[in-house]
Every structure is written in C-alpha cells, then in structure tokens.
Amino acid sequence: MNNILFHPFEEYSEKKLLSFGIVLTLTGSFLAYFFNGRFDGVLDLHFTDQVRVLQPFLDNLINITCLSIFLYFAGFYVNRKTRFIDLLTTAIIARIPYYTLVLFNINNFINGITETLKNFVLAEGIVEIEPFNVGVILIFSICVFAFLTWYLVLLYNGFKVASHAKGFLPMFLFFLAVIIAEAVSKYIIYLINY
Amino acid sequence: MAKLPINCPSCEQKLAVSQLSCQNCETVISGNYSLPLISQLTQEDQDFVLQFVLMGGSLKKMASKMEKSYPTVRNRLDDIIEKLTTKRQENE
C-alpha cells in the first residue's frame, strides 16, 4: 500500500502510469470545472465564482508541461540517461492527490466561507465571526498542507527514480525546478488569461 | 551445492580462493586466487546480471519480468556497474 501511495514509479511501467494519470487528470480537471476550481500554477489552487469549461484542462496542461520540462532539465543535469517520459508521468501522477481538494468546494462551500472571512477582515467595526467557519478553514488548511506534502513527496520520489538522484545537489535542483515551474506556469496562465 | 561466500564471516574481509579440486579425477590445485569480479557481487546482484544476460540485454524485458518500472531496473544496473568498476579498480 505504501508503494502505491508514495512509490508508484518504482513498480509500474510508464504506459500504465501514463494511462492511469491521463484519466485521473481529465477527471480532476472536470471536477475543478464543476466545483469552480482553478489550478493557476504548479502549486496553486484557487476557487472562483465561475470557471469556463476549458480553463481547468488548460491549467493542468500548462502545469504538467512546465513541471515535466524543468524537472527533465534538472534530471538530465544529474544523469544523462534520464528520460522525459519518466518526468512526464511523474508530473501527471504526482498532481492526482491535489485534484481531490476541489471537493471541498461542493456547493461553493469553501469559497463562501472564505468570502465571509474576507468581509470580516475588511470590516471597519467589530464583526462577529462564527467559530464554525474558522474550524472549517482550519480543517481545510490542514488537508491542503497534507495533500501538498503528498504531491511534493510523489514528485520527488518520481524525480529520484527517473534520474537515479543521490545526495544534496539533485534535491536542490529538484526544488529549484519546481519553483521555476511554478513561476513560469503562473506567468503563462496569466498571459493567456483565457 | 552450497552458496559461495564472498566475505569472511569472522572479520568480513574479502575471501580469496586457495584450493580448487576436480570432481572427475580428484586433482587438487592450491594457490592464491582472487574471486572472479562477478562472484564478488551479492547473490541478488549476481542473479540480476544473469537474468540480464538471459534476457538478451533488454532492460524492457527485465522490467516486465521483474514487474518493476524501466527506470528502477536501469538504476539497479547502474548501481551494479558502479560496484564492478570500484571492485576492478581495487583489484588493479
């Protein structure tokens, strides 16, 4: 079970991972459309009032492409035998846990609570804040942190297997690649602004 | 037949071959010979190398047979190559 959750890249062929990953990426994108979620960056998830049908699909395409390319550069620097397909499957599979977070916005639930708390912060007088809303945001934050950690662990494990990474330098290059991918993906999504 | 040990069970240093015998005519040869490079690998690594040769050097077939991913099998082979390179340098 541990292998499936954290080390699928050691066990399964790239064909199986790619097929499984593409199906779940399309499912995740559809859920994001349905629950008004935008993945507007490699590490980002935001909820809005309305999402157009193509937006989450294009978001994920840009995010996966940016992650794959920059992780491939980092992997190739570490080991010339690194294959692009392995980093592509890594990027696709690693993001799957993140897609489940959109379920928190069923019936615009989290977005509604976030708006209420925003009004509280912006209010000039004393405004009563419901403990329930604070509790929900706290639970949501814990879940986001947990799933983001799972995402990054999967990403690093995939990178390690693909590039046979050992030591400090590959770890540093990995984090650099993720940060650059985040910046580039956000910029591209902002530029396109579909 | 028993498995060939590689390291001394007392001091864990590398073992050498000091006697070989012919099973046909009972001739015994004594000397001081180092173990072949491949024999100095662990049993798992030796089995891996044997399988690799029997699979015609195809990592894809190895991955399919071992039910592991291609990069995992490639990384295992790279580790064995590194071990053999180190052992060869030590022997020279």
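Me: Buried means under 20% relative accessible area, exposed over 50%, and partly exposed in between. In this predicted model, is Lys83(B) buried, exposed or partly exposed?

Reply: The model is predicted. Lys83(B) has a relative accessibility of 37%. Because that value falls between 20% and 50%, Lys83(B) counts as partly exposed.

Me: How many residues apart in sequence are the parts tied together by Lys83(B) and Asp45(B)?

Reply: The two side chains form a salt bridge, 2.6 Å from N to O. Lys83(B) belongs to helix H3 of chain B and Asp45(B) to helix H1 (residues 43–54), so the pair ties together parts whose separation in sequence is 38 residues.

Me: Which residue of chain B pairs with Lys166(A) in a salt bridge?

Reply: The N to O distance of this salt bridge is 3.0 Å. The pair crosses between chains, starting from the loop between H8 and helix H9 (168–192) of chain A and reaching helix H3 (residues 70–91) of chain B.

Me: Which three residues supply 41% of the area that chain A buries against chain B?

Reply: About 1000 Å² is buried between the two chains, with 38% given by carbon and sulfur atoms. The share of 41% is more than any other three residues of chain A supply. The three are Glu11(A), Lys81(A) and His164(A).

Me: How many salt bridges are there between chain A and chain B?

Reply: Over all chains the structure holds ten salt bridges. Among them is the pair Asp86(A) and Arg83(A), within chain A. Between chain A and chain B the count is three.

Methods:
Residues are numbered from 1 along each chain as its sequence is written. Chains are lettered from A and ligands numbered from 1 in the order in which they are written. This is a predicted model: local features need pLDDT of at least 70, side-chain atom pairs count only at pLDDT 80 or more; totals for chains, interfaces and linings use all residues. Side-chain values use heavy atoms; hydrogens and water are left out. Buried area is the accessible area (1.4 Å probe) that two parts lose on being put together, summed over both. A salt bridge is a side-chain nitrogen of Lys or Arg within 4 Å of a carboxyl oxygen of Asp or Glu. Helices (H or I, at least four residues) and strands (E, at least two) are DSSP runs, numbered from the N terminus. Buried means under 20% relative accessible area, exposed over 50%, partly exposed in between (1.4 Å probe, protein chains only).
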